[in-house]
Amino acid sequence: MRIAETSDLWWKNAVIYCLDVETFFDDDGDGTGDFAGLTQRVDYLAALGVSCIWLMPFYPTPDRDDGYDVTDFFGVDHRLGTMGDLVEFIRTAKDRGIRVIADFVVNHTSNQHPWFQEARKSVDNPYRDYYVWRKDTPPDTSSEVVFPGEQTSIWTQDDATGEWYLHMFKQHQPDLNVTNPKVRNEIAKAMGLWLELGLEGFRLDAVPFFLETRGQPKDEAANIDPHDYLAALRSFLGRRNGSAVLLGEVNLPYKEQLEYFGGAEGNELNMQFDFMSMQHLYLSLARGDARPLAETLKARPALNPDNQWAMFVRNHDELTLDKLSDGEREEVFAAFGPEKNMQVYGRGLRRRLPPMLGGDAGRIRMVYSLMFSLPGTPVLYYGEEIGMGEDLRQKSRAAVRTPMQWNDEKNGGFSDAKVSDLVQPMARGDFGPEKVNAAAAKRDPGSLWNFIATLIQRYRESPELGWGDFAVIDQAEPAVFAHTCSSAGATLLLLHNFGEDTVKVSGNVGPQDGPPRAFKGAVLLDLFDGGNEDLEPDGGFTVELGRYGYRWFRVHKPGDRLAP
């Protein structure tokens, strides 16, 4: 594949790095990370090879839900700096060849947002219809709550008028009424502002929830198809910035996810996270059996070329396992979160990968090799590159949101503030900054940081992974996951061993109906340092994989030009 062919849709071969400004690096010493501090760390991310930074919410907020409770879609929270600080960060990132996208919360606001403060004053207030209200007492909705144990209903009665407002999330986060054109206009204006200031797109939070029209007047709900609204947002971004991307959080089965891409037209979300493969990856890890992941990926539908999957191992929320059966979920719990304190909401884990795998370096590296090798765009969560762990002393999902660990000095180099002033406590123990930090990792040639930097480099040199056709190669050995990615006559072969034992992997890289000697003289070029392997004339191969082994190969035929 010619690299020029991949340059239009930059996000199809991007490497995305998610971070929260408040926990990344504190410049002014008040205990909270800020944009001035983040700007100082752009070169660190450039050295790693990141090509896109995803910012978690930075808007003004009471901060009762890590910034997802917004009080102003048009501003920067004062704790993080000024609008000028944000623009300076974006400029610095672009100077290093890094694009910036940001979380955008369309589903709800904080109950402290001026819109809601006005809306609750009276039933005929001009802002009343910015939110969703009902006069009658709602039925029992305890089975629909998103956070079991933290809420019992999706409706809360407001004392000011006696009516009930909808909140699919927490009661301090009232749902916006997207059937109201004024709300849609405000959302578009806010997105337009951030695009003008240099953002290259948005990660949309909880997409299925903000497209929900329950509780809204039937005449209004009937006049808007939620997916038409999503397509309109995509079209708006295209008009304002032709390269902008919408990355959606849609935790649904594949068939339903297709609807959020816009079906065959592909005109809604550009990208979606692949929650199905992530959850079955953990089931495969728990069993030491690649088949759950393989079968899931075989069932993954083909997409419009203008769409893409986002691949991830971990993110800022709980590690949700809600698409597994009860029995499968219990298998993952038993393997990686046997203590109740490690589990959350009955559906997930509040842990990071290295502690879940007992710090097993070989197994951890196999997982990241696999993530980068799967067809899609890899997404890293801050600290993954150095092997940070969770802090189970913290409540709920805050366990995986501890400050970045820069060195082994005070507060892990995150801040000069007093420990009591830190926005979040530093992690402790075997995965605390004394043992896991970026300064030491960068200087150790054998570190996870340097391994992931190499993975990023190989991924960026392999456009087939973002653009190519994907195929699983069935294996007799259950522990082995083998697949190819091919595009424009170029093929990658990628092999991973989920097991403790050394295994031999056999298969064929050619089409079943291809010429019998199409691969005469061809070899498998190792993309790391394991040595090349010969191919049979028909494309057959046999390769040995060690304990949790992984190999990346490029099929090289006589006459093919080698990249330097």
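Author: Two strands count as paired if DSSP finds at least two bridges between them. The model discussed here is predicted.

Reader: Which residue stands opposite Val-523 in strand 22?

Author: Strand 19 and strand 22, the latter covering residues 550-556, pair in the antiparallel sense. Four bridges join these two strands. Within strand 22, the residue opposite Val-523 is His-556.

Reader: In strand 20, what is the bridge partner of Val-523?

Author: Strand 19 (residues 523-526) also pairs with strand 20 (residues 533-534), in the antiparallel sense and over two bridges. In strand 20, Val-523 has as its bridge partner Asp-534.

Reader: Which residue in the turn of the hairpin of strand 19 and strand 20 has a positive phi?

Author: Strand 19 and strand 20 form a hairpin, and six residues lie between them. A positive phi of about 95 degrees occurs in this turn, at Gly-531.

Reader: Are helix 5 and helix 8 roughly parallel or roughly antiparallel to each other?

Author: Helix 5 (residues 181-196) and helix 8 (residues 226-240) have axes 11 Å apart and pack at an angle of about 30 degrees. Angles under 35 degrees count as roughly parallel. The two helices, helix 5 and helix 8, are therefore roughly parallel.

Reader: By class, which residues does the contact of helix 5 with helix 8 have?

Author: The crossing of helix 5 and helix 8 is right-handed. Helix 5 contributes Arg-184, Ile-187, Ala-188, Met-191, Gly-192 and Leu-195, and helix 8 contributes Tyr-229, Leu-233, Phe-236, Leu-237 and Arg-240. By class, the residues in this contact are eight nonpolar, one polar and two charged.

Reader: Is the crossing in which helix 14 passes helix 16 left-handed or right-handed?

Author: Helix 14 (residues 361-373) and helix 16 (residues 448-460) pack at an angle of about 20 degrees, with axes 10 Å apart. These two helices are therefore roughly parallel to each other. The crossing of helix 14 and helix 16 is right-handed.

Reader: How do the residues of the contact of helix 14 with helix 16 divide, and into what classes?

Author: Helix 14 takes part through Ile-364, Arg-365, Tyr-368, Ser-369 and Phe-372. On helix 16, the contact residues are Leu-448, Phe-451, Ile-452, Leu-455, Ile-456 and Tyr-459. The contact residues of helix 14 and helix 16 divide into nine nonpolar, one polar and one charged.

Terms used
Residues numbered from 1 in each chain as written. Predicted model: local features only at pLDDT ≥ 70, side-chain atom pairs only at ≥ 80, totals over all residues. Heavy atoms only, no water. Axes fitted to C-alpha atoms, helices over the stretch in contact; angles between N-to-C directions. Parallel < 35°, antiparallel > 145°, perpendicular 65-115°, else oblique. Left-handed = near helix turned anticlockwise from the far one by under 90°. Contact = heavy atoms within 4.5 Å. Nonpolar A, V, L, I, M, F, W, Y, C, P; charged D, E, K, R; others polar.
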